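Subject: Structure handover

Hello,

Here is the structure you will be working with. Please open it and keep it beside this email as you read.

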Amino acid sequence: MVDDRQPCAGAGTPEFHRRGGALWCEDVPLADLAARHGTPLYVYSRAAMQRRLAAVRAAFGPDAIVCYAVKANSVRAVLQTMHAGGAGFDVVSGGELRRVQAAGLPTAQVVFAGVAKERWEIEAAAAADILAFQVESPHELPLLASVGAQLGRPLRVMLRLNPDVDAGTHAYISTGKKDNKFGVSLAAAGAAVAAIVASPWLRLVGYHVHLGSQLRSVEPYAAALAKVEAFVAGDPARARGISHYDLGGGFGIGYGSGDPLDVAAVAAALLPRLRARGWRPVVEPGRFLVGDAGVLLTRVLGDKPQGGTDFLLVDAAMNDLLRPALYQAEHAIVAVAPHGGPARTVDVVGPVCETGDFLARRRDLPPCAAGDLLAVLAAGAYGASMASNYNTRRRPAEVMVAGGVARVIRRRETFEQLLQNEEPFDEPTAS
Ligand code: LLP
């Protein structure tokens, strides 16, 4: 059989490609999945996730610990895919830890960041004997120490430093500037190290830096390490017992314009410096591993020219994919089976009652009509995991494709599930 596979413009990974003009995921036509499971529908390629994970592991070497950032996409099948590819997990809540455990996956390579951890979360992670707690502020230290004392063993901690490095990314996803709430400033970090070292219930095993998301160059990673090195040089106690350096996640992807971050270049810039100190690298990518591996399928409901704008009404909305509304994120949108004809500039909007409910604005799309299918590309990260029930909409179903087989990995929510926690409220009777 002739393989007429063509790349799909805007898709960051070859698993999403065209055959006979139509869009496929691996060996499955996306139109079939939409027909079988309805829309809006998230579709993921397992092979795309595996390939990205393998690339990160190859770049950072066998000694590195790759902790997949669960928040990017936390459905069980994705966690299993990451574990099968050799990853541990970066969690930021007791709930994310619960997901790892519920999937039956080991917790020995779990790191737990989070700017305000609660006692129950620390207790659960300590009981799971995770690799390390990423300490984000001095107020956590007595809490961590008291959980260690309760268990009768010291907890391993890494200190998250805020190096005041500009990651050059959207303000809402920048975390390593001094006015962000994350990490401990270098000015306050000396005292934090002293407090950790002084506690018999805490063991300082590393430093952690996460600068933000969607970084596209090596420089911020190198600049952050330089600041950490300078900090460590300030006092021998700061280097004692340090075995790990967690350089964070934030590896950027193309989103239809430009290339993903060159992770091999980041590794090449940092690894010799880490090796010289005997520090084992830890990385926490989320988006890079799953972003390009997923699309959101949505069906066109109709057309509405109004006030000089051509609105294309679709059945996916900001509750399904929040990124355009929240960060002005630009996701490429393509027709699953394009008709010929001149492109038209449209705003792709959903049914939610908000002017901010758009998937794209001023976008050139081929002509489409009610019933046509569109694919929002690079929606595998922070899509389903940020979905909500706003406007009492059910969160979408999710499908994982592996070779020629597509399996539902999360069913579409039901209205019964949406209502199940509500209690009847009897009107108080007037006395
Ligand atoms: N490590 C820490 C401590 C983090 O806070 C994050 C993301 C990551 C790793 C993973 O970052 P990634 O490699 O995925 O960029 N909702 C936003 C992104 C928020 C990221 C929050 N922290 C978005 O849709 O762009």
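Below are notes on the ligand site, the nonpolar cores and a few loop residues.

First, a caution. This is a predicted model.

**The ligand site**

Now look at the polar atoms. The side chain of Glu284 has an N or O atom 2.6 Å from a nitrogen atom of the ligand. For Arg323, a side-chain N or O atom sits 2.6 Å from an oxygen atom of the ligand. Gly286 uses its backbone: a polar atom there is 2.9 Å from a ligand oxygen. On its own, the ligand has 590 Å² of accessible area, and the protein covers 92% of that.

**The nonpolar cores**

In soluble globular proteins, nonpolar side chains tend to be buried together. The largest nonpolar core here has 104 residues. Phe60, Tyr68, Leu159, Tyr207 and Tyr245 touch the most other members. Helix H8 (residues 219-233) gives this core its largest share, seven residues.

Leaving aside neighbours within four places in sequence, its contacts include Val135, Val184, Ile196 and Tyr207.

There is also a second, separate core of 22 residues. Among them are Leu23, Val28, Leu33 and Leu377.

**Loop residues**

Is Asp166 buried or exposed? Its relative accessible area is 53%, over the 50% cut-off, so Asp166 is exposed. Asp166 lies in the loop between strand E10 (155-162) and strand E11 (184-185). Not counting residues up to four places away in sequence, Asp166 touches Lys177 and Pro220. Gly176 is 10 residues from Asp166 along the chain, and their C-alpha atoms are 6.8 Å apart.

Next, find Pro40. A cis peptide bond joins it to Thr39, with omega about -5°. Pro40 is in the loop between helix H1 (30-37) and strand E5 (41-45).

Two glutamines have a positive phi. For Gln214, phi is near 65°. For Gln328, phi is near 55°. Gln214 is in the loop between strand E12 (202-208) and H8. Gln328 is in the loop between helix H11 (323-327) and strand E17 (333-335).

How exposed is each one? Gln214 has 12% relative accessibility, under the 20% cut-off, so Gln214 counts as buried. Gln328 has 47%, between 20% and 50%, so Gln328 is partly exposed.

Best wishes

Conventions
Residues numbered from 1 in each chain as written. Predicted model: local features only at pLDDT ≥ 70, side-chain atom pairs only at ≥ 80, totals over all residues. Heavy atoms only, no water. Polar contact = N/O pair within 3.5 Å; in protein donor to acceptor, adjacent residues only side chain to side chain. Areas by Shrake-Rupley, 256 points an atom, 1.4 Å probe, with all protein chains shown as cover. Core = buried A, V, L, I, M, F, W, Y, C linked by side-chain atoms within 4.5 Å. Buried < 20%, exposed > 50% of the residue type's maximum accessible area, 1.4 Å probe, protein only. Helix = DSSP H or I, 4+ residues; strand = E, 2+ residues; numbered from the N terminus. Contact = heavy atoms within 4.5 Å.
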